[in-house]
Amino acid sequence: MTSRKAWRVATAALALALYALLWVGFAQQWHWLTAIDGSAHDRSHAFGVAHPGWVTFWDVFCTVLGPSAFRLVALVVIIVALARRNLRVALFLVISVELSGVVSESAKAAANRPRPAESLVSAPTTSFPSGHALGVMVGVLGLLTLVLPIARPRLRVWLIAIGAVVVVAIGVGRVVLCVHHVSDVLAGWALGYVWYVVCTLLVPPAVPITVADETPAAPGSSR
């Protein structure tokens, strides 16, 4: 196992442990976790009620840069990859980004945590983990995995920084809108990272999108 792969596996194990800890924490109503969730919710709700424009901004932001946006971008890349006969890139995006919604909804159904009592906007399904946090985490990491190898070194830094800001901002926005607790968002990030690592191990997109997958040479050929 390479050092990079070992590092991914180790960090994914830590993220999975964090996810499990947060699940047990809300289920058992640990005082410290309840205090953090409750404090953030109360402050966000009070500020949002007094500033409707603030709520509108975050609602639009979380809609425009939500998981659906990344799945749409990934779909376009999948079509391009298939047209260039790069099946591994297409399969990687299908499993990681496009199926992240299935992972999110399955995790929500398993935890079955109700939404915060006083949400500032409507949101369906249950609360734990945050589907926005999970989906955007996977979307950003999945697309960066494909873009960074072909980007200029100086541009890579900006892409990583922009990706990190989007991931964090979406998580903050879900708490600001009172549709998620802080622990929901942390759990979404953790599970999203775990799913991303699993996908890179199962279907590593080893070649750029501009290169077609190689086909084995026929026996006796000069290839």
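Visitor: Which side chains meet in a salt bridge at 2.8 Å, N to O?
Guide: In this predicted model, that salt bridge joins the side chains of Arg113 and Asp184. Arg113 is in the loop between H6 and H7, whereas Asp184 belongs to helix H9 (residues 182-202), so the pair ties together parts that lie 71 residues apart in sequence.

Visitor: How many salt bridges does the structure hold?
Guide: There are two salt bridges. Arg113 also pairs with Asp37, with 3.1 Å between the closest N and O atoms. This pair links distant parts of the chain, since Asp37 sits in helix H2 (residues 31-50), 76 residues apart from Arg113.

Visitor: Is Asp184 buried or exposed?
Guide: Asp184 is buried, its relative accessible area being 0%.

Visitor: And why does Arg113 count as buried?
Guide: Arg113 counts as buried because its relative accessibility is 10%, and the cut-off for buried is under 20%. Asp37 counts as buried as well, at 3% relative accessibility.

Visitor: Where is Val94 placed?
Guide: Val94 is found in helix H5, which spans residues 87-98.

Visitor: What does Val94 count as in terms of accessibility?
Guide: Val94 counts as partly exposed, because its relative accessibility is 33%; that class lies between the 20% limit for buried and the 50% limit for exposed.

Note on methods. Residues are numbered from 1 along each chain as its sequence is written. This is a predicted model: local features need pLDDT of at least 70, side-chain atom pairs count only at pLDDT 80 or more; totals for chains, interfaces and linings use all residues. Side-chain values use heavy atoms; hydrogens and water are left out. Helices (H or I, at least four residues) and strands (E, at least two) are DSSP runs, numbered from the N terminus. Buried means under 20% relative accessible area, exposed over 50%, partly exposed in between (1.4 Å probe, protein chains only). A salt bridge is a side-chain nitrogen of Lys or Arg within 4 Å of a carboxyl oxygen of Asp or Glu.
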